Amino acid sequence: MSLFPVQSRKLNLPAAALSAAQERDFDLQGYGFDAAPEQLRRPRIVRVGLVQNKIPLPTDTAVAVQVAALHRRIEEIVEVAAICGVNIVCFQEAWTMPFAFCTREKLPWTEFAESAEDGPTTKFCQELARKYNMVVVSPILERDEVHGGTLWNAAVVISNSGAVLGKSRKNHIPRIGDFNESTYYMEGNTGHPVFQTQFGTIAVNICYGRHHPLNWLMFSMNGAEIIFNPSATIGKLSESLWPIEARNAAIANHCFTCPINRVGTEYYKNAFTSGDGGKAHHDLGHFYGSSYVAAPDGSRTPGLSRTQDGLLVVEMDLNLCRQVSDKWNFKMTGRYEMYAEKLTEAVQPYFIPNIIKE
Ligand SMILES: NC(=O)NCCC(=O)O
């Protein structure tokens, strides 16, 4: 039996794109999700592109050289996305750097941080956006000079006009295993922004936020039709959760979800420990890729490669969100006022759990 009982349809991608992907050594796959025809609304067809990649250079290469190599790699993948007619592209979490937070060392990693508004990576993405008429979602390590040069894990959303629409900071910071990100930045303070683009309303739930159903819910409450989930996560830790969480979020919130994970193993010169009595080691483990898209009706695409760079092109009719919502009515039946009241009580220090005893 198929792992994905309700499948997406395979998309015919241009031959030029397929041969460019082969030459440039990345996995290119295309799928589509349809919606029923409606009388009053035209189909709202959009193509999204999910990009997953390895770091092209060793982690001890000069910072500027690593960033430049990543820009080059992404540029050649986005060029293929443009050939495939992609309208909105999203890159992986902290895409301009190795996922070095496991080391707990500050230098040189903090040097990868850039302004979300006018840093070199944002400028690079603005050029891509203008050149290809594409919305670009660019998750970076942000340095906020306005607020004391603080660091954040943020996704910059750039309109297809090239304007910076805004940013969404990572709401939930992991404290698990080698994911020591709280050494570098705090929980995000941008809430759950949704960006109205020419191609649909989008939001960005960064990595560990994937484990928090209320985080998905709030993006959906603000009207997100597509929620991207740029991630960096390893097999040993989360591969059993990966196919379930974002797919469930798509179902629960009547929207499309797009989890993206990097690939490869990243080595560090200085060994670090996991604080679990185990031996010091030089890598986090294998980032397993497997980026996919899930639809509000519970169907999903197959995942990209576990080991190879990749571009997943997915065509979706956004009308499916309201159609599924009208069928299942989760927003209508959600009893949010009851939960809002009870959660307000449950977070108070004087809260007494409602346990009925004999
Ligand atoms: N980057 C990140 O938040 N990773 C934490 C591990 C996970 O959520 O699978």
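Before I go on, a word on the model. This is a predicted model, where local features need pLDDT of at least 70, side-chain atom pairs count only at pLDDT 80 or more, and totals for chains, interfaces and linings use all residues. Residues are numbered from 1 along each chain as its sequence is written, and side-chain values use heavy atoms, with hydrogens and water left out. The protein chain has a mean pLDDT of 97, with 98% of its residues at 70 or more; pLDDT is the predictor's confidence in each residue, from 0 to 100. The scores are ipTM 0.99 and pTM 0.97.

Now the polar contacts, meaning pairs of N or O atoms within 3.5 Å. The side chain of His211 places an N or O atom 2.6 Å from a ligand oxygen. For the side chain of Arg210 that distance to a ligand oxygen is 3.0 Å, and a backbone N or O atom of Tyr208 lies 3.5 Å from an oxygen of the ligand. Taken alone, the ligand exposes 280 Å², and the protein buries 99% of that; these areas are Shrake-Rupley values with a 1.4 Å probe.

Next, the loop between β4 (88-90) and α3 (120-132), where we find Pro108. Helices (H or I, at least four residues) and strands (E, at least two) are DSSP runs, numbered from the N terminus. The peptide bond from Leu107 to Pro108 is cis, with omega near 5°. Ala94 lies in the loop between β4 and α3 too, and Ala94 has a positive phi of about 45° although it is not a glycine.

Last stop, salt bridges: a side-chain nitrogen of Lys or Arg within 4 Å of a carboxyl oxygen of Asp or Glu. How many does the structure hold? There are 22. One of them joins the side chains of Arg9 and Glu315, at 3.0 Å from N to O. This pair links distant parts of the chain, with Arg9 in strand β1 (residues 9-10) and Glu315 in strand β16 (residues 310-317), 306 residues apart. Thanks, everyone!

Technical notes:
Polar contact = N/O pair within 3.5 Å; in protein donor to acceptor, adjacent residues only side chain to side chain.
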